[in-house]
Amino acid sequence: MKRRIVQFAALVVAVTIAAYPGFSQASLTLQKHLTQDLGLTQEQIASIRNGRPFAEALPSRSPAEVFVFGVVYINADPASYVKYAYDLNRLRNTPGYLAISPISTPPQLSDFQGFGLDGDDVQSLKTCTPGNCAIQLPGSTIEDLRKSVNWSAPNVTDQVNEYVQKLALTRQQLYQQQGDRISGEVYNDKKQQVSVIDQFKYILSYAKAIPENVPDFYNYIVDYPQDKAANMSSSFYWEKVKFGLKPTLRILQVFTMKGNSPRQPAYIIAEKQLYSSHYFETALDLTYCISGSDNPKELGFYLVQVMGSEQAGLTGFKGSIVRRVAVSHSVGDMQTSLTAIKNALEHQH
């Protein structure tokens, strides 16, 4: 949610400055990034340090690319945010969330109970063909699905969703075993096919999405399930959300790293989209919890969020209008979210 040609490498908050009294090494690098790369004034940085959230859209390399950046200072333990972020019950009660559920490792079919399309989407699949489909799916899946379902049966929705759940299970099993080395996922719902893996790599290529001094975390995201270090973990969940005209099914993977040196953020969380039925061809959300002081007894941290996505329908004249609205809403939503997180964490006790 906040990108600019500042290139991910910069906006990654690389942590390389020597310590100064009263500040952590990581927070000094963040301040350098805010001034040199994002162009914030000292007054704006002081406002952030005093608890005012800041959010802005960042320049993108193409109309389909949306990046938003946000930061707020929170008087709480950085670990409290990790607990907050993983609270699925909290998300379940958030406006826009229709369903959410964790996915086991290894996954089970029961994990996907409730993972299904609504009636309108189901009916659209009846006439869905590669290059002209309302749901983001590979061409082979589109053809197989149409042949596997009795479209005149009264339980057609149940048939489609049983197929969708089994397909999700199969793909998740393969992904947990092989990561992105499984046969490339390709969306053929539009005239121009989209390689999900290539799109994700393109987002990561926006300079780097991971701090230069934590290459192991970057490698873990790219090379999952290999290259996992002791201070890293991974989990999965699916969600059904409504942030557009249609309810959208998404499958996501969450990577977490706990920093092990003063030069690193206390925590980094990366949320990688593995599948979306609508809108997002790929998406990567990054969160950095950067301690305000190197003194472990002092609470307080900068919460930095960077969210990027490749979205369909944002090109051309009509798409440019949709894009402006989407970006404006994303910035507003980011600012609202940062305020809510700050209030929740500072008033937990």
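**Reading a pocket and a core**

Tutor: The lining of the second largest pocket comprises 20 nonpolar, seven polar and four charged residues. Nonpolar means Ala, Val, Leu, Ile, Met, Phe, Trp, Tyr, Cys and Pro; charged means Asp, Glu, Lys and Arg; the others, Gly among them, are polar. The model is predicted: local features need pLDDT of at least 70 and side-chain atom pairs 80 or more, while totals for chains, interfaces and linings use all residues. Residues are numbered from 1 along each chain as its sequence is written, and side-chain values use heavy atoms, without hydrogens and water.

Student: Which element gives the largest share of the lining of the second largest pocket?

Tutor: Helices (H or I, at least four residues) and strands (E, at least two) are DSSP runs, numbered from the N terminus. Here α8 contributes the largest share, seven residues.

Student: Which residues have the most contacts inside the largest nonpolar core?

Tutor: A nonpolar core joins buried (under 20% relative accessible area, 1.4 Å probe, protein chains only) Ala, Val, Leu, Ile, Met, Phe, Trp, Tyr and Cys residues through side-chain atoms within 4.5 Å. In this case the largest has 65 residues, and F69, L125, V160, F217, I251 and V304 have the most contacts inside it. Its largest share, seven residues, comes from α8. Another core, of 29 residues, lies apart from it and includes I74 and L252.

Student: Which residues is Q44 in contact with, leaving aside its neighbours within four places in sequence?

Tutor: Contact means heavy atoms within 4.5 Å. With those neighbours left aside, Q44 is in contact with G39 and F54. Q44 belongs to helix α3 (residues 42-49).

Notes. Buried means under 20% relative accessible area, exposed over 50%, partly exposed in between (1.4 Å probe, protein chains only).
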